[in-house]
Amino acid sequence: MAENVLLRHEDVPDIHKLDVYLAHDGYAAARQALTTLKPEEVTAQVKESNLRGRGGAGFPAGVKWGFLPKDSDKPVYLCCNADESEPGTFKDRAIIEKNTHILLEGILITCYAINAHTAYIYIRGEFAYGAKCLEQALAEAYGQGLFGKDIFGSGFDLEVYVHRGAGAYICGEETGLIESLEGKRAYPRIKPPFPAVYGLFGCPTIVNNVETLACVPSIIKNGPDWFRSIGPESGPGPKIYGVSGHVEKPGMFELPMGMPLREVIYDYAGGIKDGKQLKAVMPAGSSFPVLTPDEIDVHMDFDSMRAIGAFLGTAGIIVMDEDTCMVRALEIVDRFYHHESCGQCSPCREGTGWLHKLLVRLEEGNGKAEDIDLIDRICTNMMGNTVCVLADAAAMPTQSYLTKFRDEFVAHVTEGGCPLKKAAVQPEAA
Amino acid sequence: MTAVPESAKPTSFLLDGRAVDALPGETILQAARRHGVDIPHLCYKDGLRPDGNCRACVVEVKGERPLAPSCCRIPQEGMEVATTSERARHSQKMVLELLLSDVVETTYTLGSELETWARALEIDTPRFAPRRQPEPDASHPAIAVNLDACIQCTRCQRACREEQVNDVIGYALRGSQAKIIFDVDDPMGSSSCVGCGECVQACPTGALMPAKEAGLIEPDKTVDSVCPYCGVGCLLTYHVKDNTILQVTGRDGPSNHGRLCVKGRYGFDYITHPHRLTRPLIRKSGIPKSTEITIDPADPSDVFREASWEEALDFAAGGLKKIRDEKGGQALAGFGSAKGSNEEAYLFQKLVRTGFGTNNVDHCTRLCHASSVVALLEGIGSGAVSNQVADVAEAECIIVIGSNASENHPVAATFMKNAAKAGKTLVVMDPRRTELARHASYYLQFKPDTDVALLNAMMHTIIEEGLVHQEFIEQRTAGFDLIKQNVAGFSPEEMEPVCGIAAETIREVARRYATASGSMIFWGMGVSQHIHGTDNARCLIALALMTGQIGRPGTGLHPLRGQNNVQGASDAGLIPMMFPEYQRVDNEEVRQRFEALWGVSLDPQAGLTVVEIMDAILDDRLHGMYIMGENPAMSDPNLHHARQALAKLDHLVVQDLFLTETAAFADVILPASALPEKTGTFTNTDRRVQLARKALDPPGQARQDLDIIQEMARRLGLDWQYHDTAAVYEEMRQAISALGGISWSRLESQDSVTYPCWTEDDPGRPVVFQKDFPTSDGIARFVPARLIHADELPDAEFPFVLITGRQLEHWHTGAMTRRASVLNAIEPQPVINVHPEDLTALDGAEGDLLTIASRRGEITAYARVDAGLQRNEIFIPFCYQEAAANLLTNEALDPYGKIPEFKYCAVRVSVNRTAEA
């Protein structure tokens, strides 16, 4: 792709500063939207662009906005989900810290489209620097009248608040985020009703991911056709792929939607580190099924991934080489979900704990043959059985590890521990 | 993608292949249960918001990927639901197994819901090892906390936060470390827990239970009855074994919906206290009566000797008869009790009127709402509440003035807090900031004694801003011009410096009250116990009348009744100027009617009130008294005065459970029965007549009060033949027309019926005055109130204002609650609440002994910091005999209601250094 949209700071130094951003057509899209388009025309363009949510679920953003009730006398809120906490995921952070104004401009346009006069940026507590970047950028923008009262003389008012979370993965779940923003424990809500109907403070609310909102200015500026021309029709647009793990050049790559996973790993991330063999990839953060080397020709877009029983998720790609113990890897994944389960629903509260305990037992060589089936059964009973999808996010990768790398799990039982570890230790002993 | 709309019609859906219907708003779980299908559930409990967290109740809905929590899901037309499909069953069982693995095998309850469901679904020994569980916590005197039996269902949390709105129980940490905590993980006993026990009642596994393993004893029987404490009238169930109450649980009564407070739930063992009187006592000859009370209630043998019932009754009645025959009936008086049943009150006043031949009969209503009742009778023709507490759910604006409802009407307060949480405007007006203020949209901390200034300023605003209800005023009231003239000089701006509330706040509250679709006013003793108590109530009535905020659901006037039967005792005629149903004794026609009913001629003169009776004794006009269940030696103002009077009586008969401070002056004491020991009706603050059933036999020779009154009557020459309580009730029903439709048998089947109720099929009238007022012409009257000051204002010598009142744990003079082990453990010592800055200025610290003196007396008690007070205000609960607040109070009376000014007198405060040493 010629020029970065989301990672534009790689092309234009200091784009996070307002004067630089303005010098590069910054806030032109917002001005255009607020002064020449009706809110419903903005929504229509976003709908037409087929922008799908970048938080992981891939729900069409324009359609989501359309769920707002038309006849409500309550205020509408926008919540920008900047609680980026998914393992192996660091795309939003880059936008927040380096390309701050594109996010703010996206928020401004979106608020105009959904008729919200208050927006909250819910940023995870650990992103202290990101929060500072947002505050600074906002202060600059307020100073230029880009936020506040009567923006661009359009009569449209908007206040934006940065709210720092206090460190829980569940705050990234949209209804957990809303509860947390209301000052409560981040307990996800039972849905329906969905936030568009009953959200923040009981009012209609749209929750959109940072990357999703950052796409909005370019749609207004270049038109929906331009956006749709990037990547597959069913889910187009620019996309940040974040690659971590056993690769030569880990990092972020802005590429069109639908890139083959193999290309991302080998052409952009420089291939497997130290010339080793690829063993497994978690292509979508940690919450979705793992892929084996023979599956990596898949195209990284929502529908292609679904076709092979996987998900695009956040496109946070975690690469594992041949020396990786899959039992240990899964133990780390499930430790995370055990730690982050909010404790509301018993299948998740109890289930994530049990998955982790059983995996520790297997990893330490104390597992029993029936443990593997027990893990699988717990997963089956967790999935689709809780208020939010955190239980599914733990169960899905777990079941895929068991299915795709079953031999390794069995070997941990029969050999009383990790065969790889033993293999690694033996030469020294010899 | 929208919320499932609640249809007004039943929904039909398929439940395990069977076509069934769900009522509007009913969930799958509720509908299934109604159709005989019990779906496993743990975190769901009737009355609590469904939370859907345990997932034991999941069912399969055809066409949906995830399983649905049946406790939260409302079925849609045609939905196909499988409750026992393989997938649903599998999930249900896995949940039960995981939860079962966490809890210890120790049993804390006889009825663990987890174990019941595990058995029903045939769960074997779990395959999982238990998680680490918190240590047991025995820090609370009433509640045992064993979180090793906790399954994190959060029912206790919802009970604490959403039902009772006490906000003590929280859920800390996350994932498998998640646990129930009190405040910030304090031991329950040192947390801000108010001991209502709602969490215990909500807990499905015994993790929260009554202390001392009371829940592990199988009761012989359970008896449905009524709480013996306040006017809220909570229905409850006694769990009894071997003539002892094991525990008390809340019942789904119309005024409490299963809720109770610490007194109702845990304050029952006073009835087995060693001080309980079990034999009649006669004063030993030659023992003088002294105002210094030195008798030990545990061993009164220095002063009293035991006697047989025959001897005691002959002596008791004989002494009264002698005075009557020698000095006339006006030389006698009786105090009945608002703690007794309607039947007891009725018979007692009948005894005084027909046996003594006088109307000198009164009870503690004189000390609580006499002024409210005078104002209400004069203004709208009825002293009872116009609307029930439950109406807060329909109101838009709720004013609570001069009432510490969270402590004195705790369960009623929970419904007010629920309403506030539901977004209604709660306005709390009180010189002392109490717990309820925490939930209020407006809290007006006005200066003590300035109620009329504040309320007239509200009326001024309503008139000035054109917010009056003109049509209501024209059609249903008289005298509006008087009010208009009267409040003209009471602009909020002028009253701001008088009452201490910003003019704009007064205006905002006035606007809100006047313009809300429904506004209610609740008030308590803070309004009534002033020499301008009647004026205070007149203002409240005028507010409601000028805005038309009465006569509809969610509006009205509600003087919160203190005692469990103060409404009923007043209805039954324990009032010196009125026969039953407020029929004036000086009305010829009325008197003839009662003379016909009772078959004797009656005294045409109104009798004396409580304080007037004491004055009459000291004036040598009154020589003998019969006191049933009242304790004027603790509850009257200026106790020296009251005690001098009691000591001066020639003959005093006291009928009570304990040797109270009043009984210390008795010539004969008759041991009576406690509420759980008798059957009778009690009328709560909402005008609900409710049936209490006998659960226990009285101890020793103690007897039922109705029997004792009849024995006394016989000895005073009355030929009474009441075979049971029902017979007394049915006679009373002839005297009180509003009970016409409430027969004894109806009460036996329904437990609670609201009056007025004219026929057996009349459901009762929760909202009265809808069309007219029960005045002679059906029209309500405005009565203006001028601003007058308290009788005794602070000065250089006595610079503090003393406000008296109650505590959550203690009931009135403490005769019952200070002998209830749990309640006395929570509040064991007399305290004096003082503003922290005042305490500092006195060079004192919390816990120091303070001496408070007024012109009438002096007491010493421990300092407690109370930032809810204003500077130079002192609050003292009057339940502690060792530091009786009423030694200090002023007996000045409201001229209309004859109510003493308990809420205002001047005192001085000092740190008591000598006692510390």
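1. B:Ser372 is buried, its relative accessible area being 0%, where buried stands for under 20% relative accessible area with a 1.4 Å probe and protein chains only. This residue belongs to helix 10 of chain B, which covers residues 370–380; helices are DSSP runs of H or I with at least four residues, strands are runs of E with at least two, and both are numbered from the N terminus.

2. The model is predicted, so that local features need pLDDT of at least 70 and side-chain atom pairs count only at pLDDT 80 or more, whereas totals for chains, interfaces and linings use all residues. Residues are numbered from 1 along each chain as its sequence is written, chains are lettered from A and ligands numbered from 1 in the order in which they are written, and side-chain values use heavy atoms, with hydrogens and water left out.

3. When neighbours within four places in sequence are set aside, B:Ser372 is in contact with B:Trp523, B:Ser528, B:Ala537 and B:Pro559, contact meaning heavy atoms within 4.5 Å.

4. Turning to the two chains, 37 residues of chain B are in contact with 35 residues of chain A. Together the chains bury about 3000 Å², of which 54% is on carbon and sulfur atoms; this is the accessible area (1.4 Å probe) that two parts lose on being put together, summed over both.

5. Two salt bridges are counted between chain B and chain A, each being a side-chain nitrogen of Lys or Arg within 4 Å of a carboxyl oxygen of Asp or Glu. A:Glu340 forms a salt bridge with B:Arg174, and their closest N and O atoms are 3.0 Å apart.

Terms used: Buried means under 20% relative accessible area, exposed over 50%, partly exposed in between (1.4 Å probe, protein chains only).
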